[in-house]
Amino acid sequence: MLSVSSLSLETHGNDSHGKNADGYRGSTDNGFDFTKLLELKPRAHPTIETQRSLDERSFSELLSSPRLRSTLETVKSSDCLDGLVTPSSRSATNTPRGTPRGTPRGSLNTPRHSFEPHPMISDAWDALRRSLVYFRGKPVGTIAAMDPTEESLNYNQVFVRDFVPSGLAFLMNGEPEIVRNFLNKALRLQAWEKRIDCFTLGEGVMPASFKVLHDPVRNSDTMIADFGESAIGRVAPVDSGFWWIILLRAYTKSTGDHSLADSHDVQRGMRLILNLCLADGFDTFPTLLCADGCAMIDRRMGIYGYPIEIQALFFMALRCARHMLKPENGGKELHERIDKRLTALSFHMREYFWLDHNQLNNIYRFKTEEYSHTAVNKFNVIPESIPDWVFDFMPMKGGYFIGNVSPARLDFRWFAIGNCCAILSALATPEQSSAIMDLFEERWQELVGDMPLKVSYPTLEGHEWRIVTGCDPKNTRWSYHNGGSWPVLLWMLTAACIKTGRPQIARRAIELVEQRLSKDGWPEYYDGKLGRYIGKQARKYQTWSIAGYLVAKMMLEDPSHLGMISLEEDKKMKPSLTRSASWPPHRF
Ligand code: GLC
């Protein structure tokens, strides 16, 4: 079966000694070979259940109905927690990593890091379970934040991107049911017609978030979703569909249950997402053109164009979908389109987004106004536009994928998700992956400081802040998306560290988190150059800060979990292209 072979496909880069043919050496300070991690064994099989709901409505539909508005109230997980926690959840509460049901340890002789369970772990599990959201008695997601002191706005919803670390935590703890329910629910929502004013969005768009409302009179649950039509700025989340595919693969890989990914509806859902992001247009680049605010950074922050955050997720989702998509019903044709796109995308990113000392020096010496195929400075970047900070920031050892590349515009900012995800998806070559990790070490104060991890670096301030953010009072310098520090990113950093065989870096970051996060009430983000202050408008009890910590801890304790969220380099993707591959031009 395809899905079975896809498991082996993803591990084909290893030789029989567990040494990666690309030269990834995972041997670490404790002698453990991290390259074996991708041999993750499937965990427990959940029961299979698919449920359609007629009570699912769109936000706009609901909000325009005064009757519904007045009678519906948000379902608090605590209202139904008692009767609904599954036996496995109960067994894991307070003993989160004990030996929860259905979590075999993988085939490896995994080393036990002598972790004394940190008191934060059981607090975190309790808080994570309190954040569960139920739809008709079944857990379908986790609420974004449970801060009783702040106005909830949309933080009382289940965000697709926010659920990813929650989902991974549950998978790692042998509780896949909630992830399965979540994946199914998001799929149902994808099928809705989505409109903003008179305009209809593409069929495959996945929601940014959804909410379950309880009608106490009729004792029924209703779901509403936001595809961008209610979000501040009215931007559709490009990342949601990609995260959904990535979580689907994590679920399949972790449980060994292929029935969900193979099902007709899920295959269709994947095809819809792929058709959206692989559609032909006016593009001259293989990267995906995006509006500002279409991902985790969901406000105007100058990431429009070809943001690294989306390109890395796009690459990862394409690779995950390639493994799960069956050839029937147009799947074969999509396989070919994915393969071509992956080749072009990896070439483009590795060539044009990559920056290290050498490349910075090249750009600094660029000639401009070059015409024709012989151009070295293809995008006509004017060297004077290189910001001063990047010359100081760039170490002799290390490098990163810059924020954005488009005509005459290189955004030199460093972004966390894009760079960590480039490592996990193998968009970065092994050399680039280790250079990204070198940068973490060389620029620890700037990127990690007192609280991991900066979402972007450096900050925008003064005139630039005014122009780029539109004077956003939430994104003032070193705050929120504008150089703020987000504890949720710890899980991605930890996964990248394990993959590159440098777990000691993750341990250092986790130690910092353990000094403050729980005491501070699990804030959403921290402010300041070093991330020393609880964010100005940060929510407390932010679920993904909690789940991110748990995932980081569990991965470090049992590195075989990494296989859920990491892909090996695909040898076939080594581009044979050169910079002038389009030469000679067609002649008439
Ligand atoms: C903020 C973040 C966004 C997150 C949401 C819910 O809007 O910018 O990334 O998904 O909060 O936590």
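Analyst: **The ligand site and beyond**

A polar side-chain atom of Asp162 lies 2.5 Å from an oxygen atom of the ligand. The model is a predicted one, in which local features need pLDDT of at least 70 and side-chain atom pairs count only at pLDDT 80 or more, whereas totals for chains, interfaces and linings use all residues. Residues are numbered from 1 along each chain as its sequence is written, and side-chain values rest on heavy atoms, with hydrogens and water left out.

For Gln542, a polar side-chain atom is placed 2.9 Å from a ligand oxygen, and for Tyr155 the distance from a side-chain N or O atom to an oxygen of the ligand is 3.5 Å. The surrounding residues, each with a heavy atom within 4 Å of the ligand, are Ala144, Tyr155, Phe159, Arg161, Asp162, Met296, Asp298, Tyr480, His481, Glu524, Gln542 and Trp544. By residue class, this shell divides into six nonpolar, two polar and four charged residues; in this scheme Asp, Glu, Lys and Arg are charged, Ala, Val, Leu, Ile, Met, Phe, Trp, Tyr, Cys and Pro are nonpolar, and the others, Gly among them, are polar.

Turning to the strands, S10, S11, S12 and S13 form an open sheet in the order S10-S11-S12-S13, with antiparallel pairing. Strand S10 (354-356) and S13 stand at the edges with a single partner strand each, so one side of each is left without a neighbour in the sheet. Strands are DSSP runs of at least two residues (E) and helices of at least four (H or I), numbered from the N terminus, and two strands pair if there are at least two bridges between them. S10 is joined to S11 by three bridges, with Asp356 standing opposite Gly399 in S11.

Four bridges connect S11 (residues 399-406) to S12 in antiparallel fashion, and the two strands form a hairpin with two residues between them, where Ala408 in the turn has a positive phi of about 55 degrees. Trp414 of S12 is the bridge partner of Ile402, and Trp414 is also partnered with Tyr457 of S13. Between S12 and S13 (residues 456-457), which run antiparallel, there are two bridges.

Why is S12 described as largely enclosed by the rest of the structure? Seven of the seven residues of S12 (residues 409-415) are buried, so the strand is largely enclosed, where buried means under 20% relative accessible area (1.4 Å probe, protein chains only). In a regular strand the side chains alternate between the two faces of the sheet. In S12, Arg409, Asp411, Arg413 and Phe415 are buried on one side, and Leu410, Phe412 and Trp414 are buried on the other.

Note on methods
Polar contact = N/O pair within 3.5 Å; in protein donor to acceptor, adjacent residues only side chain to side chain. Buried < 20%, exposed > 50% of the residue type's maximum accessible area, 1.4 Å probe, protein only.
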